[in-house]
Amino acid sequence: MYAYDEIDRTLVNERVSEFRDQVKRRLSGELTEDEFKILRLQNGVYLQLHAYMFRVAIPYGTLASNQLRALAHVARKYDRGYGHFTTRQNIQFNWIKLAELPDALADLAEVGIHAMQTSGNNMRNVTSDQWAGVAPGEIEDPRIWSELIRQHTTLHPEFSFLPRKFKIAITASDHDRAAIKIHDIGLKLIKNEKGETGFEVLVGGGLGRTPFIGKTIKHFVHGRDILSYIEAILRVYNQYGRRDNIYKARIKILVHELGIEKFSREVEEEWQHIRNSSLQIDDEVIEDIRSRFAYPSYEKLPHNPDQLRQAAADPDFEAWRKNSVAPHKVQGYSIVTISLKPIGAPPGDATAEQMDALADLADRYSFGEIRVGHEQNLALPHVAKRDLPALWKALDKLGLATPNVNLITDIIACPGLDYCSLANARSIPIAQELTRRFANHELANLIGRLHINISGCINACGHHHVGHIGILGVEKNGEEVYQITIGGRADESAALGNLIGPGVKFDEVADVVEDIVEAYLALRERPEELFMDTVKRLGVEPFKERVYATR
Amino acid sequence: MPLVNGGKIVDDSFVKLAVDTPLPEGGDVLVPAERFVGEADALLKRTGKVGVIWPNNRDIAELVPYLGKIAVVALVFPTFRDGRAYSQARLLRERYNYRGELRATGQILRDQFVFMLRAGFDSFDVKKQADAEAFMETAKRYSVFYQPTGDGRITALHRRMQLRHSEGVGT
């Protein structure tokens with residue numbers, strides 16, 4: 001993981017002291033709520049239905065164990081003993097008191113964690129693959145570049161008051177776990193024919209009211225030019241992005257209105273002015289950042305240790321191993337995904353006790369490192385295979401070994417009407433009910449990979465457009481109504497789902513999902529054909545017929 | 001609204017002219033863009049200094065032919081969440097080499113001072129007296145900067161390289 005130096009620490013402390021002054025001015029009435037709103041949003045503080053909500057950044061999803069303990073401490077001391085991991089590698093605390101926020105920030109700053117730009121119309125937390133640096137077949141560790149961009153986008157003097165929020169995601173694998181195609185800028189690390197590192201740059205992806213899949217704006221931007229190229233995109237956006245209507249202010253609308261060709265010409269012209277400037281990155285700078293990422297000293301370990309062979313007799317362990325353990329680039333090690341989706345609980349929540357215990361397990365079994373993924377699960381990125389049985393036992397005791405990663409109960413959901421002031425409908429209770437319906441592990445396994453994504457309003461924090469099954473809650477005549485789509489996906493083949501039929505009431509959502517799943521099981525050609533492949537092969541119609549036949 | 005220039009609260013020598021106010025004989029005037037472009041010759045012939053108030057949705061490149069002759073460019077922040085003028089400011093300073101006074105006007109709070117200084121502003125029409133008085137203290141709030149801009153402040157990346165090289169000496 002990246003170790004802050006004195007320079008990074010100084011900046012975070014300076015930001016905390018600035019925010020302390022802003023809170024003080026608000027509490028004394030010197031700042032109006034309207035003025036303070038923009039300032040608090042720059043620092044991840046929302047005013048929700050019941051209280052202030054505080055969103056903390058976990059850049060590119062990498063946490064050290066002491067940082068996870070600090071998050072547990074904040075949950076315990078300033079909140080109600082739990083936190084909620086989001087779809088953008090952030091954690092949210094739902095019950096924070098304004099007057100205590102500066103202290104919470106100061107506590108987090110001690111371990112190099114901040115909340116800068118986790119909301120507001122600026123460049124948000126830079127996200128990446130939660131398996132970065134350990135996934136087999138990666139071009140190189142995308143976190144080096146993520147950190148470079150994190151620094152460059154932090155308190156940017158030109159782009160801190162953009163037309164709307166701006167999100168950047170980076171991947172270095174063919175299989176995209178960072179959902180780069182639904183980001184304002186998506187970056188895919190690639191090598192050119194000379195073997196030099198650079199990026200395919202996508203622009204204009206995003207969900208919300210008007211969803212778009214990102215388009216490639218440039219097939220190869222050399223690594224040394226990536227900051228100037230991003231700067232050029234942002235300068236065009238800052239000047240020409242719409243500010244008259246918040247629903248049309250994202251860069252995706254500008255790209256759509258100008259067309260990708262015209263937009264890319266504008267960017268190219270701007271870029272030619274600034275590419276040979278101090279924004280150019282030389283290898284030494286990259287090496288300096290790389291040198292502050294600590295990589296574990298892996299042992300030489302067998303591929304299939306005795307401990308693993310012995311544990312294979314336990315069907316519960318095997319169910320978990322097959323579901324939650326993925327190959328690591330180093331022999332003898334694994335990546336372990338930790339499901340934050342226990343049956344009947346809100347997706348993505350973790351208690352302070354779980355966070356503390358997980359930090360201890362990370363110290364013991366994963367070189368003190370934890371990852372956070374956009375699916376609202378956690379991961380231990382460097383677990384020796386011989387330790388898997390012991391780790392499983394410990395996770396199981398903590399309620400963190402539900403073997404449902406990538407299965408139908410591994411649901412992404414926004415906080416919805418239970419917390420959020422923007423929501424029109426509840427999300428969490430829908431997710432809870434669905435996990436109960438599909439609680440049987442054999443059934444979930446039979447269904448196979450299937451992502452359900454739930455948003456409680458059109459802003460799409462639950463990424464419903466790109467769920468294999470997407471559920472969007474809206475309000476109609478004072479009632480919660482849910483629109484259901486199928487066929488969306490967020491990976492390298494990203495696509496938006498299609499509406500399957502008329503909206504249904506709160507009580508009917510789980511029934512409809514069960515009917516969709518039943519239709520899939522009847523329609524699939526063979527057990528290996530995944531839900532999304534059946535939908536791709538047959539389209540929405542056969543599903544619609546079966547699901548709505550009796551409605 | 002107090003004007004901060006050179007870090008201090010100062011008297012503003014410029015009189016803001018509306019589109020239709022008759023042009024005074026002498027004295028410094030600040031003129032809306034529309035009028036400035038229309039009457040540039042007459043304005044620049046006067047003895048007093050001339051400044052222009054440039055809206056944030058008009059191409060700043062239009063000003064280039066006049067940059068050597070005007071004393072002030074005032075860029076507008078209709079609300080402080082509208083950040084277009086930051087780009088205009090950087091273009092003026094860094095691409096068009098404008099060296100005169102660059103004034104931020106509109107909803108200017110202390111919370112923008114550092115961003116504005118970094119973008120090249122050196123004078124500020126501050127909305128609140130308390131913010132104007134807090135200018136010097138607020139401007140010094142940050143000592144670390146991640147991005148290179150035309151203000152010449154050393155960036156974190158650069159500082160690290162210097163540290164690396166100085167540590168490298170003799171080893």
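Predicted model: local features only at pLDDT ≥ 70, side-chain atom pairs only at ≥ 80, totals over all residues.

Colleague: What makes A:Ala115 count as buried?

Modeller: A residue is buried if 20 or more other C-beta atoms lie within 10 Å of its own. A:Ala115 has 28 such neighbours, so it counts as buried. Setting aside residues within four places in sequence, A:Ala115 is in contact with A:Asn43, A:Gly44, A:Phe54, A:Arg55, A:Val56, A:Ala57 and A:Leu105. There's also A:Asn90, 25 residues apart from A:Ala115 in sequence and 8.9 Å away in space, C-alpha to C-alpha.

Colleague: And A:His273, why is that called partly exposed?

Modeller: The label partly exposed goes to residues that fall between the exposed limit of 12 or fewer and the buried limit of 20 or more. With 14 C-beta neighbours inside 10 Å, A:His273 therefore counts as partly exposed. A:His273 lies in helix α8 (residues 260–274) of chain A. A:Ser228 is 45 residues from A:His273 in sequence, yet 9.4 Å from it in space, C-alpha to C-alpha.

Colleague: Back to α4 of chain A. Which residues in that helix are buried?

Modeller: In α4 (residues 101–109), the buried ones are A:Leu101, A:Ala104, A:Leu105, A:Leu108 and A:Ala109.

Colleague: How do you know that they are on the same side of α4(A)?

Modeller: Their directions from the axis cover an arc of only 140 degrees, which puts them on the same side of α4(A). As background, an α-helix has 3.6 residues a turn, so residues three or four places apart point the same way. The buried residues of α4(A) pack against α1 (6–27), β1 (45–47), β2 (52–57), α3 (65–78) and β5 (90–96) of chain A.

Colleague: What makes α3(A) and α4(A) roughly antiparallel?

Modeller: Their axes come within 9 Å and cross at roughly 160 degrees. Angles over 145 degrees count as roughly antiparallel, so α3(A) and α4(A) get that name. The crossing is right-handed. On the α3(A) side the contact is made by A:Ala70, A:His73, A:Val74 and A:Tyr78, and on the α4(A) side by A:Ala104, A:Asp107 and A:Leu108. By class, that contact has five nonpolar residues, one polar and one charged.

Colleague: Then why are α16(A) and α18(A) called oblique?

Modeller: The axes of α16 (residues 509–523) and α18 (residues 541–548) of chain A come within 9 Å and cross at roughly 125 degrees. Roughly perpendicular runs from 65 to 115 and roughly antiparallel needs over 145, so α16(A) is oblique to α18(A). This crossing is right-handed too. α16(A) brings A:Val512, A:Asp515, A:Ile516, A:Ala519 and A:Leu523 to the contact, while α18(A) brings A:Pro542, A:Phe543, A:Arg546 and A:Val547. They divide into seven nonpolar, no polar and two charged.

Colleague: What is the phi of A:Ala179, and how do you know that A:Ala179 is buried?

Modeller: A:Ala179 has a positive phi of about 55 degrees, although it is not a glycine. You'll find A:Ala179 in the loop between β7 (168–171) and β8 (185–191) of chain A. The buried limit is 20 or more, and A:Ala179 has 27 C-beta neighbours inside 10 Å, so A:Ala179 counts as buried. A:Ala460 has a positive phi as well, near 70 degrees. That alanine is in the loop between β17 (452–455) and β18 (469–476) of chain A. With 22 C-beta neighbours inside 10 Å, A:Ala460 counts as buried.

Note on methods:
Residues numbered from 1 in each chain as written. Chains lettered and ligands numbered in written order. Helix = DSSP H or I, 4+ residues; strand = E, 2+ residues; numbered from the N terminus. Arc of directions from axis to C-beta. Contact = placed C-beta atoms within 7 Å. Axes fitted to C-alpha atoms, helices over the stretch in contact; angles between N-to-C directions. Parallel < 35°, antiparallel > 145°, perpendicular 65-115°, else oblique. Left-handed = near helix turned anticlockwise from the far one by under 90°. Nonpolar A, V, L, I, M, F, W, Y, C, P; charged D, E, K, R; others polar.
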